[in-house]
Amino acid sequence: MDANTVIIYHPSRQENRDLEFLDILLDETLIFGTVYVPTGCAKNVSGINKRLPAKQVYEYVLRLAKFYQVRRSANPPQNPSDYIEVRETGDFAETDGLQTDCYLAARYKDILLKHHLFDAVIECILSGAARLNCRQQTISFLEEMLQKKGDYPYFYQGSQPFLIYKGSRECYQVLDGFAKCLGGALQNQGYVVEYFDMAKERHTALSRYIGKSYQAVIGMQTYLFSARMENGGFLHDLIQGPKYNFVFDHPLWLQCQLQNMPKSLTILTLDKDYAAFVRRYHIQNAYFLPPGGIQEGFAQQKRIYDLTFIGSYIDRSKYILESLRQMERQRRFLINRLWLVMRKEPCLPVEEAVLRAVSESDKRTLSKTEFLELCYELREYILYLSQHYRKKLLKTLVDSGIRVDVFGESWESCPLRRSPNFIWHKKDLDVRECLNVWQQSRISLNIMSCHKNAITERIANSMLQKAVVCTERNPYLESQFEDGKDILFYDLADLEKLPGRIKELLESERREERLKTIGENGCRKAMKWHTWDCRAKEIVEMAREDAGRQV
């Protein structure tokens, strides 16, 4: 038997029979039983369309039959592990079944017409509707399907691929890694994924997608959604299906992109406050959906590092101080007030800190547009203070005698290198090498930058490698993890307490046992909520709901 043959198994059947596409389309009873789909086939034909009201496995087999041989068999496959097993539940109302029949008649209308079977199929549907006393409703629904209106685009998109933009070279190719991880997770769940590679093609090549339908179009902080046609319209408004752009920086850094977006685009952020910021100031749909983490099968390595930090070092002190000297007095005072607010309450979201720094008279007169422009103007000074806290955190630890291992060429100019407890590893790390370091770390240190109600991939990845995450606390993390049990929290406003807490853990007689317990607890929770497989499931459900609202 061909390795790409779909098997319809029912023990009561005594004959083996190959089924043609038209056979299945005309008689759904032929696929009653257990359907075994070879894993190779599942990668090329998008999985079960859960948007249909009924007969989901039947519709799935129809799509498979367009490309692969389907065989009805009295025997199950010899190697079931090479197949995906599906079965129609039958738990649906007959009227729902009629709706699916109407959709299938519309979708395969040309094939039915070619074989002079279209009228017979329509008559069969209407006869069933008459028996159920819903003939007129069924006629109206059928007309919508045949015109490809109403629910038709929603149903059709549920059987289409996901389109993902990959190839970004920004952020040490981290964004490209996110795209591939999400795409791989969707494929593992039975969905077909198409990629547009930004590293290999110009954005003008996006025109080939005009008129096509997708379950969703997904980018990772990409500018591609701003692409316009010659008439000034957005290209993505001509591609059917929900669109999502993951944004990993504060939205004020992406002012231009957020002001030039197609109407159907949703912003996905790693911070709940960022999503609220986008909805309030850009009147754009935005959801909280952070990146996932990666867990690779690995042989347990020795934890050779007590405390590691993977991140970059940026020193813009000279630039910032020089720009302040050249600035008008009133603006300089505003920046000093902003820094004062951020130092006094480092847990504040950026926009709240800016509002508190602005005088009461200015608050009353600032429009939303003017406030956005002000935030954008202050972005370098906000980032400067975030980098200040990164350096202060590390200095607090090494000055207390705690050894910290850091990685990457950017740390070469850091003055902390003079400390014997600051261990610099020059090589920049790719994603796989980062995972390897966390597998060898007892504690993974994290600072949240401007993220004040969020989780990052660094936290998820560290947990999935069973390292103990030590991070700045925020409301979302506190809702997910328990301090001292799954994670270690610290407060930026009270960094002096952190060294004692880390020393108490690292110097405990039960050190290895305690570290292992916290690491494994964190890993279990990260596996449950924060892998790319989790994100793929959330994206599928999100796309289904958003497409339904667009009908």
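This is a predicted model: local features need pLDDT of at least 70, side-chain atom pairs count only at pLDDT 80 or more; totals for chains, interfaces and linings use all residues.
Local features need pLDDT of at least 70, side-chain atom pairs count only at pLDDT 80 or more, totals for chains, interfaces and linings use all residues, and side-chain values use heavy atoms, with hydrogens and water left out.

**Stop 1: a sheet.** Select β2, β4, β1, β3 and β5: in that order, these five strands form an open sheet with mixed pairing. Strands here are DSSP runs of E, at least two residues, while helices are runs of H or I, at least four, numbered from the N terminus. Two strands pair if DSSP finds at least two bridges between them. At the edges sit β2 (17–19) and β5 (83–87), each pairing on one side only. Now zoom in on β2 and β4 (residues 70–73), which pair in the antiparallel sense over three bridges; L19 has V70 as its bridge partner in β4.

**Stop 2: helix α16.** Pick residues 368–377 and colour F371, L372, L374 and C375, the buried ones. Buried means under 20% relative accessible area, with a 1.4 Å probe and protein chains only. Look down the axis: these residues fall within an arc of 160 degrees (taken from the directions from the helix axis to the C-beta atoms), so they line one face of the helix.

**Stop 3: N446.** Jump to strand β15 (residues 441–446), where you'll find N446. Is N446 buried or exposed? At 1% relative accessibility, N446 counts as buried. Show its side chain, and that of T471 too: a polar contact of 2.8 Å joins them. Such a contact is a pair of N or O atoms within 3.5 Å; within protein, one must be able to donate a hydrogen and the other to accept it, and residues adjacent in sequence count only if both atoms are side-chain atoms.

Key: Residues are numbered from 1 along each chain as its sequence is written. Buried means under 20% relative accessible area, exposed over 50%, partly exposed in between (1.4 Å probe, protein chains only).
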